[in-house]
Amino acid sequence: MAPGALIDVAYDDDNNNNNNNNNNNNDKNINNINNGTILEHVSDAIDDVNSIKYDTKSKFDATKDKATFRQYEDACDRVRGFYREQHEKQTVAYNLAARGRFYSASRPRPRMTIWQAMEKLDALVDESDPDTSLSQIEHLLQSAEAIRRDGKPRWMQVTGLIHDLGKLMLFFPELGTQGQWDVVGDTFPVGCAFDERIIYPETFAANPDAQHPVYSTPHGIYAPGCGLDNVMLSWGHDEYLYHVVKDQSRLPPEALAMIRYHSFYPWHREGAYRDLMCDRDWDMLRAVQAFNPYDLYSKSDEVPRVEELKPYYLELIDEFFPQGELEW
Ligand SMILES: [Fe+2]
Ligand SMILES: [Fe+2]
């Protein structure tokens, strides 16, 4: 089945909703796998849009390259419904509630090593579809391997290895994840005006915050120059993983920025939200821009041999996560 078809199913029938009251474990597993499959297709379609739009080699120019533009439009068609829903629902209220659930003292936090998390994410995504480009574990290893091949530091290699593990959030019911829209997709700040450079900016008209007396103003609840550490970015796999690893790893600030901002395309690719940055954020921006090609363009590389690479990466994981298990 083509990715577009699956996304249509997801949005027409509300199949993407992760909230179910099913107490049967088998049904839960099937639902997890269904959700994982939809997640993979939505995530791939989102990556298609960004990889065509930001392909540095072809220097995408809508007015010149008609064939590429056609490809780009097709890719956009596949994600339009997804972004319409996301842009309507990512509000300040939703984001505060999501963080409240994450930090709730009563939330049972699953305990897993990084490698176990990689295997869990992989297992929850159905690989039976021949159209599916790469499994999750392969995408993570490809990103890490491309970074390693280029002689980049070990902390950046491990960042490539883990950067999408936040997608596991979809399978932890206590986080109250609603569907695909609060897991994947480009991210943006909430609490201030939605920038025109976010994909499908017109779809924010349906977001109640777009009419809010404070949240709809250029700086909203933020002071100019406050620094992105103080800005609430739309809740999803980037933000979730950042909150998991920031206090449970030996990763440097640049690595944490790569994790937190890797889907923040309006910022790292479109130049938006400069007003909110502090001096330090400019270094973080350079780090995220250096990371981005390894996320977007390593997918065409050779499929990695998981078992062969495992010993190298287990050692790397130990270096930056010496405690072993993390609380997720
Ligand atoms: Fe990602
Ligand atoms: Fe990725």
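In this predicted model, helix 2 provides 4 residues to the lining of the second largest cavity, the largest share. That cavity holds about 80 Å³ of space. Of its 12 lining residues, Asp 44, Gln 136, His 139, Lys 167 and Lys 299 are the closest to its centre. Helix 2 and helix 6 (136-149) are the elements that give two or more residues to this lining.

A search of the whole structure finds 3 cavities of 30 Å³ or more. The largest cavity has a volume of about 140 Å³, and Asp 47, His 237, His 262, Ser 263 and Asp 295 are the closest to its centre among 15 lining residues. Helix 2 (25-53) and helix 11 (279-296) each supply at least two residues of this lining; the largest share, 4 residues, comes from helix 2.

The linings divide by class as follows.

The iron ion (ligand 1) is coordinated by Asp 164 (OD), His 237 (NE2) and His 262 (NE2) at 2.0 to 2.2 Å. His 237 lies in helix 8 and His 262 in the loop between helix 9 (253-261) and helix 10 (265-268), so the pair ties together parts that are 25 residues apart in sequence. Both His 237 and His 262 are buried. Asp 164 bridges the iron ion (ligand 1) and the iron ion (ligand 2), which lie 3.8 Å apart.

Ser 234 sits in the loop between helix 7 (154-162) and helix 8 (237-245). Ser 234 is buried, with a relative accessible area of 2%, and its contacts include Asp 186, Phe 188 and Glu 239.

Terms used:
Residues numbered from 1 in each chain as written. Chains lettered and ligands numbered in written order. Predicted model: local features only at pLDDT ≥ 70, side-chain atom pairs only at ≥ 80, totals over all residues. Heavy atoms only, no water. Buried < 20%, exposed > 50% of the residue type's maximum accessible area, 1.4 Å probe, protein only. Contact = heavy atoms within 4.5 Å. Donors = N, O, S within 2.8 Å, 3.2 Å for Na, K, Ca; no water. 1 Å grid on protein atoms, 1.4 Å probe; cavity = no way out; pocket = protein on both sides within 12 Å on 5 of 7 lines; lining within 4 Å. Points joined across faces, edges and corners; volume = space filled by probe spheres on them. Lists of a residue's contacts leave out its neighbours within four places in sequence.
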